[in-house]
Amino acid sequence: MNTASSRRTLTTTQRKNPSMCQHQPACPTAESADREAALLVAHHPEQGWSLLCNGVLVFEDTGELLPDGQIIAPHRPLDVVKAA
């Protein structure tokens with residue numbers, strides 16, 4: 001059974017990873033507006049990113065990469081007024 005057809009794999013355009021969150025109550029999902037409130041799974045400040053338990057990658061510039069591949073542009077305030 002070493003034919004080419006027996007070695008093919010099915011591909012999909014969407015990842016279907018189960019949630020990494022085992023917390024009770026569960027952390028916000030990646031689709032939630034408060035997705036950044038999820039707990040850290042991995043933190044790599046030397047590389048500028050963190051992985052949340054809902055599968056969201058958060059970057060130090062406040063940009064995000066969602067599990068479905070959607071990109072959230074950085075949303076840090078540009079005009080920061082420093083207190084004296």
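1. Contact here means heavy atoms within 4.5 Å. By that criterion, and leaving aside neighbours within four places in sequence, Ile72 is in contact with Arg35, Gly63, Glu64 and Leu66.

2. This is a predicted model, in which local features need pLDDT of at least 70 and side-chain atom pairs count only at pLDDT 80 or more, while totals for chains, interfaces and linings use all residues. Residues are numbered from 1 along each chain as its sequence is written, and side-chain values use heavy atoms, with hydrogens and water left out.

3. Five strands form an open antiparallel sheet in the order β1-β2-β3-β4-β5. Strands are DSSP runs (E, at least two residues), numbered from the N terminus; two of them pair if DSSP finds at least two bridges between them. β1 (40–44) and β5 (71–72) are the edge strands, each with a single partner, so one side of each has no neighbour in the sheet.

4. Three antiparallel bridges join β2 and β3. Leu51 has Leu57 in β3 as its bridge partner.

5. Asn54 sits in the loop between β2 (49–52) and β3 (57–59). Asn54 is buried, at 11% relative accessible area (buried: under 20%, 1.4 Å probe, protein chains only).

6. A polar atom of the Asn54 side chain lies 3.1 Å from the backbone oxygen of Arg35. The Asn54 side chain also reaches the backbone nitrogen of Val56, at 3.2 Å. Beyond its neighbours within four places in sequence, Asn54 is in contact with Pro28, Thr29, Ala30, Arg35, Ala38 and Pro67.

Terms used
Helix = DSSP H or I, 4+ residues; strand = E, 2+ residues; numbered from the N terminus. Buried < 20%, exposed > 50% of the residue type's maximum accessible area, 1.4 Å probe, protein only. Polar contact = N/O pair within 3.5 Å; in protein donor to acceptor, adjacent residues only side chain to side chain.
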